[in-house]
There are 2 protein chains.
Amino acid sequence: MEIDTGRRGPFWDMLAGRTPPPPAAVLLGWELVAVDPERGTIEVAFEAGERFVNPVGVIQGGFLAAMLDDTLGPALVATLPEDQFAPTLDLHVQFLRPARPGRLVGRGRVVQRGREVCFLAGELIGADGRTVAVATATVKVQTVR
Amino acid sequence: MEIDTGRRGPFWDMLAGRTPPPPAAVLLGWELVAVDPERGTIEVAFEAGERFVNPVGVIQGGFLAAMLDDTLGPALVATLPEDQFAPTLDLHVQFLRPARPGRLVGRGRVVQRGREVCFLAGELIGADGRTVAVATATVKVQTVR
């Protein structure tokens with residue numbers, strides 16, 4: 001997709017290379033597929049490596065939670081001005097089926113945008129097109145310096 | 001702590017070195033502090049590295065969720081025989097305060113042990129002794145080959 005390099009804010013500054021990508025996103029192999037800040041929706045992809053697996057060879061649920069946090073959060077952060085960020089207060093994940101190492105697609109959306117508190121939701125989809133996990137999150141918009 | 005190297009099961013085989021530690025645990029710097037399978041409690045520690053941080057320099061919430069998943073799960077897995085494992089169905093995390101990179105201690109417990117479905121809870125504690133996040137999880141005991 002084409003990036004609006006003139007747009008400012010933590011999300012856009014990172015995409016345009018003005019700020020480095022956060023280490024957590026790098027570790028998860030985070031990649032933007034599509035974003036619509038007006039609708040509050042985003043699609044991202046992750047590279048779920050072998051190093052995320054649990055003793056039975058599937059991606060440890062917590063890393064799917066980390067990917068979902070990095071899906072839902074950016075749906076909102078893409079809408080924020082330069083001096084704001086939105087820490088997650090609460091994250092709830094349901095693990096529908098095992099996820100194997102490989103590419104996973106995350107779809108996130110802003111369900112309700114409050115002045116401070118926002119409600120987010122999304123899902124993580126495996127290579128076969130089936131949803132592996134769904135999540136909701138509550139985040140709080142904060143002004144940072 | 002002293003490890004009961006004679007005890008079998010996925011948790012004890014890993015501690016005794018009969019099976020390799022899962023990559024997800026290695027990545028999180030997972031370390032056992034204490035475990036009481038009779039009471040269904042565990043204390044573990046993690047090394048929350050700089051690579052887990054988000055754009056504002058604190059540990060991305062999802063990685064705290066991954067640590068909590070690797071705290072609550074082992075509280076139960078330590079009680080299971082060799083041929084059983086317990087995938088997480090559902091994980092709910094509340095993020096009480098920001099967590100900086102460094103050592104974090106996880107305390108997990110089995111709240112209710114069903115024949116198949118088990119309810120787990122726990123928390124993650126920062127270097128200053130304050131709780132940074134709390135979690136509950138629902139897991140399902142499965143027989144694996």
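This is a tour of a predicted two-chain model, stop by stop, with what to select at each one.

Residues are numbered from 1 along each chain as its sequence is written, and chains are lettered from A in the order in which they are written. Because the model is predicted, local features need pLDDT of at least 70 and side-chain atom pairs count only at pLDDT 80 or more, while totals for chains, interfaces and linings use all residues; side-chain values use heavy atoms, with hydrogens and water left out.

**The axis between the chains**

The same surface serves both copies, since 100% of the contact residues of chain B recur in chain A, where contact means heavy atoms within 4.5 Å.

**The phenylalanine cluster**

Next select Phe52(A), Phe63(A), Phe52(B) and Phe63(B), which form one aromatic cluster. Rings of Phe, Tyr and Trp (its six-membered ring) pair if their centres lie within 6.5 Å, and planes under 30 degrees apart count as stacked, over 60 as edge-to-face and the rest as tilted; the structure holds 7 such aromatic pairs over all chains. Phe63(A) and Phe63(B) make an edge-to-face pair, 6.0 Å centre to centre with 80° between the planes. Each of these two residues lies in helix α3 (residues 61–77) of its own chain, so the pair joins two chains; helices (H or I, at least four residues) and strands (E, at least two) are DSSP runs, numbered from the N terminus. Both Phe63(A) and Phe63(B) are buried, a class that means under 20% relative accessible area, with exposed over 50% and partly exposed in between (1.4 Å probe, protein chains only). Within chain B, the rings of Phe52(B) and Phe63(B) have their centres 4.7 Å apart and their planes at 15°, so this pair is stacked. Phe52(B) sits in the loop between β2 (41–48) and α3, so the pair ties together parts that are 11 residues apart in sequence.

**Salt bridges on the strands of chain A**

Now move to Arg109(A) and Glu123(A), whose side chains meet in a salt bridge at 3.2 Å, N to O; the term stands for a side-chain nitrogen of Lys or Arg within 4 Å of a carboxyl oxygen of Asp or Glu. Arg109(A) is in strand β5 and Glu123(A) in strand β6, 14 residues apart. Arg109(A), at 33% relative accessibility, counts as partly exposed, whereas Glu123(A) is buried, with a relative accessible area of 16%.

Select Lys140(A) and Glu116(A) for another salt bridge, at 4.0 Å, N to O. Lys140(A) lies in strand β7 (residues 131–140) and Glu116(A) in the loop between β5 and β6, so the pair ties together parts that are 24 residues apart in sequence.

**Two last stops**

In chain B, select Glu38(B) and Arg7(B), which form a salt bridge with the closest N and O atoms 3.6 Å apart. Glu38(B) is exposed at 65% relative accessibility, while Arg7(B) is partly exposed at 26%.

Finish in chain A at Gly102(A), which is in strand β5 (residues 102–113). Leaving aside neighbours within four places in sequence, Gly102(A) is in contact with Phe46(A), Glu47(A) and Ala48(A).
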